[in-house]
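Me: I'm new to reading protein structures. Please take me through this one, feature by feature.

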Amino acid sequence: MTREALRLLDLPWDLVLDILSRVPATSLGRLSFTCKRWNALFKDHEFIKKHLDKAAKECMVLLSSEPYKLYSMNVNLDGIHDNFVDPQTLLNLKDFRSPEQFKIYNIFHCDGLLLCITWDRRLVVWNPCTGQIRWIPLCTRDKDHWEFALGYENNKSCQTYKILRSSWDFVAAQPQDVDCGLYDFESHSWKDLNDVFPKNCRRLLSKAVSLKGNIYWVANKDDEEDLLLSFDFSTEKFTCLSIRFSSGDDDFVPTTLSVVREERLAVLYSSYSNPPKIEIWMTTHDKIDQARLVSWSKFLSLVLDENNPQIDLSTDITFFIDEEKKAAVLCDVEYFNKRNTDIYIVGEDNRFMKISVREINVSGPVIYNYVPSLVQIQQGGVMTRERKRKNRH
C-alpha cells in the first residue's frame with residue numbers, strides 16, 4: 001500500500017469517499033488492489049454513480065483497425081497553429097491492450113463500456129478500466145446490414161443496460177425496412193420490437209452514438225428532410241428531433257455524429273458547392289435527453305479552397321472535437337488507397353492539416369472518444385423481484 005493511500009485511511013470515511021469520487025477512473029482501477037474495503041467500494045453502485053457525476057472526464061481517443069487492432073491515439077492539437085511543423089509528428093499511436101479471448105471487429109461506446117463485435121461474429125461487452133467482460137448471445141435477422149447499440153434505461157434507483165439491434169436490407173431508392181430487437185442484461189434475453197421504427201424515416205444516414213443512455217442517428221425523412229433520430233430505452237420508442245440550422249447553403253448534408261465529453265452532440269456537415277465546405281455544429285445545452293426541440297450552434301467551418309486540398313469524405317467518416325482547443329479531428333479511409341487512413345486536423349481560421357497513417361492496415365477506420373469509468377457490467381441470469389413484478393403488469 002502506498003504512503004498516500006495509508007494517509008487516506010486515517011481520514012474520516014465520508015471525507016475519503018468524497019476524495020475518491022473525484023479521482024479519475026483509471027487511477028481508481030489501480031487503487032482497487034490497495035485494500036478489500038476500497039475494492040468493494042469501487043464496485044458499489046452508489047459510489048459509481050457519484051463518481052460519474054463528480055470525477056473529471058478522462059477523454060481517450062481509440063482507433064480501431066484490422067487485423068484485430070485497437071490503438072489509443074494522441075493528437076497534438078496545438079501543432080495546427082504552427083505553420084512549420086511536420087504533421088506526422090503531431091500523431092502518436094499506442095497499442096490498446098484488449099483481452100486475448102476475442103478479436104475486435106467493431107466497437108460501440110457507452111459510459112466507459114465497449115460493446116464489441118468480434119471477427120467471428122460474437123457480441124461481448126468489455127470495460128477496459130475494470131477488466132470485466134460479458135458475452136452476449138448474438139441475435140440477428142436475415143438482413144444485409146445490422147447494427148448493435150448499447151444504452152440504458154434511466155430510472156432513479158439504477159441504470160439498467162440494454163442493447164438495441166437494428167437490421168435492414170439496402171435497396172436503392174426504397175425506404176429501409178428496419179427490424180429492431182432489444183437485449184435485457186437482467187433477463188439475459190432478446191425480444192423483438194414490432195413496428196417501432198418511424199414509418200416516415202426512409203433511411204439511417206450515420207452510425208449510431210450513445211448519450212445519456214439514449215441512442216442517436218442522423219436519418220432521412222420522406223427523402224425531403226434530414227433529422228436527428230433518437231431511441232429511448234426507458235420507453236422503448238423512437239423520436240424524431242430537429243437537426244436544422246441557419247445556413248446560406250442549401251446543399252449541406254449531415255454526415256456523422258459525435259459525442260462531446262459525454263454531455264452534448266456534434267454533427268458534421270459537408271457541402272459539395274464550389275468551393276466545398278465542412279461545418280461542425282454542436283447542441284447548445286446538455287439536456288438533449290429531456291428536450292423536444294434541439295438547438296444548435298456552429299462550432300467551426302472549413303472552406304476547401306486552393307489553400308486546402310480536396311477532402312473526399314466517405315460515409316464512414318468519424319470525428320471528435322476539442323472545445324478548449326477549438327479544433328476537430330476527422331478520420332477516414334484514404335480515397336485512392338483504401339489500405340491507408342487519413343487523419344485530418346481542422347481548426348479556426350480555416351486551418352487544416354492532413355496526416356496519413358500508412359504503418360497500419362486499416363479497413364473502415366473508426367475513432368471513438370472513449371471515457372473510462374468504473375461502471376459494472378450486469379452479469380444477469382437471475383431476474384430481480386422488481387423486474388419480475390414489472391414484467392407481470
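**Contacts, cores and a sheet**

Me: Among contacts in the chain with a separation of 6 or more, what share comes from residues 24 or more positions apart?

Reply: Contact means heavy atoms within 4.5 Å. Here, that share is 54%. Keep in mind that this is a predicted model, where local features need pLDDT of at least 70 and side-chain atom pairs 80 or more, while totals for chains, interfaces and linings use all residues. Numbering starts from 1 along each chain, and side-chain values use heavy atoms, without hydrogens or water.

Me: How much of the chain is buried?

Reply: Of its 393 residues, 49% are buried (under 20% relative accessible area with a 1.4 Å probe, protein chains only; exposed is over 50%, partly exposed in between).

Me: Where is the largest nonpolar core?

Reply: Nonpolar side chains tend to be buried together in soluble globular proteins. A core joins buried Ala, Val, Leu, Ile, Met, Phe, Trp, Tyr and Cys through side-chain atoms within 4.5 Å. The largest here has 65 residues, with Leu150 and Ile163 making the most contacts inside it. Strand S5 (residues 113-118) gives the largest share, 5 residues. Strands are DSSP runs of E, at least two residues. Partners of Leu150 include Phe108, Leu115 and Phe233.

Me: Which strands make up the open sheet of 4?

Reply: Strands pair if DSSP finds at least two bridges between them. The order is S17-S18-S19-S20, antiparallel. S17 (253-260) and S20 (296-303) each have a single partner strand, so one side of each lacks a neighbour in the sheet. S18 and S19 pair over 6 bridges, and Val267 stands opposite Trp281 in S19.

Methods. Lists of a residue's contacts leave out its neighbours within four places in sequence.
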